[in-house]
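Trainee: I want to know what stands behind the labels. Can we take them in turn?

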Amino acid sequence: MLGWFYSIVVAVILTGQTLDNWPWRLFGGGGRTAIAATVGNVVVGTALYFLMVPLAKLLIGPGATAELGSVIDQFPAQIGVCWAFWMIFWANGFGNRFSPSVRAALTFVLALGTFVFYYRFAAQHILHEPEVATGLSGNALGFIDWLVLWTLIYVVGFQSLGLRRLA
């Protein structure tokens with residue numbers, strides 16, 4: 001459930017912020033847009049979940065996947081939190097530069113890099129988090145969610161001090 005739920009959260013951020021409320025804005029505004037967004041984000045989130053499970057297996061490798069067993073089903077949330085971080089940071093720190101499709105692709109690539117860097121290096125060697133499977137340490141939902149929180153404090157509370165010139 002965790003991986004599926006977080007995939008819906010990612011769909012909300014992706015469609016609402018990164019894609020400028022597309023495709024939901026095509027439904028004419030008001031209640032129709034709200035209903036389309038609610039139903040649509042559940043559908044998009046579910047699709048993301050089923051795409052992210054094999055992606056997670058690919059990124060962490062067959063050995064770690066076998067060790068994790070059914071826990072692998074939460075790894076779409078682990079990738080998703082990395083993507084949520086970059087979508088939030090990009091929109092608020094850099095003023096949502098580029099077209100929506102480029103933003104979506106760019107933040108996704110950054111998220112994959114962050115996921116691999118975190119699990120293969122940072123969690124173990126920088127944060128000293130425990131090993132969860134051979135070659136994998138940490139829990140991105142814990143650390144990256146804190147990073148999202150501090151990013152929101154920085155971009156909202158401090159108005160992206162120092163990055164505003166780049167926006």
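Mentor: Helices are DSSP runs of H or I, at least four residues, numbered from the N terminus. Thr33 sits in helix H2, residues 30-68. This is a predicted model: local features need pLDDT of at least 70, side-chain atom pairs count only at pLDDT 80 or more, and totals for chains, interfaces and linings use all residues. Residues are numbered from 1 along each chain as its sequence is written, and side-chain values use heavy atoms, with hydrogens and water left out.

Trainee: Why is Thr33 called buried?

Mentor: Buried means under 20% relative accessible area, with a 1.4 Å probe and protein chains only. Thr33 has 10%, so Thr33 is buried.

Trainee: Which residues is Thr33 in contact with, leaving aside neighbours within four places in sequence?

Mentor: Contact means heavy atoms within 4.5 Å. Thr33 has Asn21, Trp24, Arg25, Phe27 and Gly28 as such partners.

Trainee: What makes H3 oblique to H4?

Mentor: Axes are lines fitted to C-alpha atoms over the stretch in contact, and angles run from 0 to 180 degrees between N-to-C directions. Under 35 degrees is roughly parallel, over 145 roughly antiparallel, 65 to 115 roughly perpendicular, and the rest oblique. H3 and H4 pack at about 125°, with axes 8 Å apart. Therefore H3 is oblique to H4.

Trainee: How do the residues of the contact of H3 with H4 divide?

Mentor: Ala, Val, Leu, Ile, Met, Phe, Trp, Tyr, Cys and Pro count as nonpolar, Asp, Glu, Lys and Arg as charged, and the others, Gly among them, as polar. The contact of H3 with H4 has 15 nonpolar, 3 polar and 1 charged. Trp83 in H3 and Phe108 in H4 are among them.

Key
Helix = DSSP H or I, 4+ residues; strand = E, 2+ residues; numbered from the N terminus. Buried < 20%, exposed > 50% of the residue type's maximum accessible area, 1.4 Å probe, protein only.
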